[in-house]
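Dear colleague,

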Amino acid sequence: MNRAYYSSFINEFIDENSQTIYGKISGQYDLNKLNILQSNAWKNQIEILKETISIFIGKIYFEFTIPRMGKRVDNILIIDNCIFVLEFKIGSNTYDKHATNQAFDYGLDLNNFHEGSHNKIIIPILVADKAPSLENIYCPSFDNLHETIYANSSNLSEVINAALLHFEETETIDIEYWEKSIYKPTPTIIEAATALYKKHNVNEISRSDSGAENLSVTSECISQIIDFSKDNNRKSICFITGVPGAGKTLAGLNIANLRSNYKEEEHAVFLSGNGPLVDVLREALARDKVKTAKEENETMTKSLASSQVKSFIQNIHHFRDASIKDEKAPIEKVTIFDEAQRAWTKEQASNFMKRNKGITDFDKSEPEFLIEVMDRHQDWCTIVCLIGGGQEINTGEAGLEEWIRPFSDKFNDWNIYYSSKIIEDENYIKDQNALTILKNRKATKKDELHLSVSLRSFRSAQLSNFIQEIINNDIEKAKSIYLDFIKKNYPIKITRDLESARDWLKKSAKGSERTGVVASSGGIRLRPFGLNVKAKIDAPIWFLNDKDDIRSSYFLEEVATEFDIQGLELDWTCVAWDGDLFYDNNQWNYRKFKGTKWQNINSMDITNYLINSYRVLLTRARQGMVIYIPFGNNEDITRPTFMYDGTFDFFKSLGIEEI
C-alpha cells in the first residue's frame, strides 16, 4: 500500500521540477476539495525543503498516512539513523501548542504501530516558517521517541543537522525495510468511527498482521451473509462474538458504513442501547464534520452536522419506540445491534412499556420484538448482533439466549449464523436450551464471526484473560499471565493514595493520550475521597473535551462508571476500588450499599452484574492502569479496613507493584 502522496530520495527530490512534484502530490488529493490554502502550503513546503535538505542523504515523504488517526503527516524525512516527523505551519510566526502536540502524536503513532519505526530515533519537528529560532533540547519521551522540537524556514537545515550529530551513535535505518514494514494501527472506537464515516476502508485503520484476527475477515463474512440474503430473498441473523476490545463495535460500524447504500436500498443502521456510546460517537462525528467543512472553506452548522450523523448511529430504544408506533417495515434492511446481550428480558421490557409508555399488553422480550420488526420485510433483511461475553451489567439485561429463544417456534424462514465461540464458552450461553434451538434450526457455525484478540490493549493481548483469572480467583494462573505477558509492556500499578494515582497517570500519558478515573456504580463509599459515583458525567464532554476543561476525563475529577464507559475506552485509567467487591478469607465477596450499610448479595444474577461491572472497568485502558484501593477506617462501619486491605494484598500477591 502506498502510504504517501509522494516519496523520493532526497537527491532526486532536489533535482525534480517543483511544479512536477506539486502535480504528483495534488494528483493524489480530491481535486473537488483542493483549495488555495492547501495548494499554497504544498508549494511553500516544497520550496523550503528544497532549500534546506539538499545536504542530506535519505528519503522524503509528503502526506504520509497515519491510519489510526485517519490523517496525514505533512512530511517524513529518513536521514541516517533518524526519522524526522515534520508538521508545517506556513505563514505562522509562533509555535502553536496544538500543532506541537499534533506533531508529537504523529511520532507516537509511528512508535506504537509501525513495525519499522520501533526502537528507532523519532524526532517530531514543528516548522513555523516565520517564527523566531529557538534553542532545542532533546527530551526522550517514550522508547526512542522525543518531544517535539522547533524550526523555521531559515534554520531547518541546522536543526536537522544538530539532531543527526546528537544521535550519531545509533544504527542507520534500512529505508527499504522501513517502507515495507507492517502498520498495525489500533484506533480508539471514536477514531475508528470518525475515519469510517469519512469513507476510509476498515483495512486502512485496523491491524492486518498474523497476530490478530483480521477485522476485514469478519467484515467480509458478514458481507457475504448480507449478499446471500439479498440475492436469495432470505432473512438472516448473525451473532458476532469477541473478547473485550477485540473490535466488535468497529466491525459493526464498518458494516453500517459499507451498507448505507440508498441506491441499493440497503439502508444499514448501527443501533446501540448504550446511551453514552451513542452520544459520544454522534458528538465526535458532528464535531469532525464541522471541523472538516471549515478546513475546506465550506459552511456546516453543528445542528446540521448532528442531524446528518443520526441516520448512521441510532439509539436502539428510539428505533424500538418508532416501530411500536408504525407497524410498517422499517426503511433499514440491515440492522447492527451493538452489545446485543444487553437487550431487555420480557419482564424488563413489559414493565418499562407499562410504566413509561402506557402499553399494558407488551409481552415480548426486546430481542423478540426487534426480530419481529425486521420480519415485517417481505423480501430480505439481515440482523447483525454484536455480543460481548460476560458483559451484562444491569438488571433486566437478557444475554445472548434471549435472541435465540424466539427461533424455537417462530421465524422459520430465517437463516441463523453464529460464532463458534458461543457454544464453547459459558460466558456467552448459560442456558442449554438455546444450544438445542441452534441445533434444531440447523444454524450455521462460522469461525470468522469470532474476534479473539484484544486490539484495545494493544500492548498486551492477554489482558482480558488476566482479568478473567482474577475473577475466577485463580491466583497462580493470573500471576503467570501477568508475569509472562503483561508486566513488561502493559503497566499495571496499585496504590492506596489517590494523588499518587493521578500523578502516575499524568506522567504515563504522552501527547494527547487520554486519561480518566473510573469506578463501579456500586462504589458508594469512595465519596470520602472525593469520588462520587452518583454524580452523572456528561459523556461527550468527558470523553471528547480537551485538557483545559475541568469536566473532561483529563482533569481526573469526575468519575465514570461502567455504564458510562462500556463500549468506549481511554489510554490510561485509574480504577478506583470500593467495598462492593472485596477479597477476604481467600475469596471474592459481593456487597450492595443500601441506606447506611453494606448488604450481602444473594442473587446470582446481581452477583454476575457486579462481576461484569469490574470486568468492564478493568478492560477499558489501552495502555495501562493504576488500581486505587483506599485505606479503610474502622471508626466508620461502612469502611472497615479488612474490606480494602484484603483486596490490596490480593493484587500485591500477583506481583503488581505499589506506587
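Helix 9 and helix 10 cross in a right-handed manner (a crossing is right-handed if the near helix is turned clockwise from the far one by less than a right angle, and left-handed if anticlockwise). This is a predicted model, in which local features need pLDDT of at least 70 and side-chain atom pairs count only at pLDDT 80 or more, while totals for chains, interfaces and linings use all residues. Residues are numbered from 1 along each chain as its sequence is written, and side-chain values use heavy atoms, with hydrogens and water left out.

Helix 9 (residues 215-231) and helix 10 (residues 248-258) pack at about 45 degrees with their axes 10 Å apart, which makes helix 9 oblique to helix 10 (under 35 degrees counts as roughly parallel, over 145 as roughly antiparallel, 65 to 115 as roughly perpendicular, and the rest as oblique). Their contact (heavy atoms within 4.5 Å) is made by Leu215, Ser219, Ile222, Ser223 and Ile226 of helix 9 with Leu250, Ala251, Asn254 and Ile255 of helix 10.

For helix 18 (residues 463-471) and helix 23 (residues 604-618), the axes come within 10 Å and cross at roughly 150 degrees, and the two helices are therefore roughly antiparallel to each other. The crossing of helix 18 with helix 23 is right-handed, and the contact involves Leu463, Ile467, Gln468 and Ile471 of helix 18 and Ile611, Arg615 and Leu618 of helix 23.

Best regards

How values were computed. Axes fitted to C-alpha atoms, helices over the stretch in contact; angles between N-to-C directions. Helix = DSSP H or I, 4+ residues; strand = E, 2+ residues; numbered from the N terminus.
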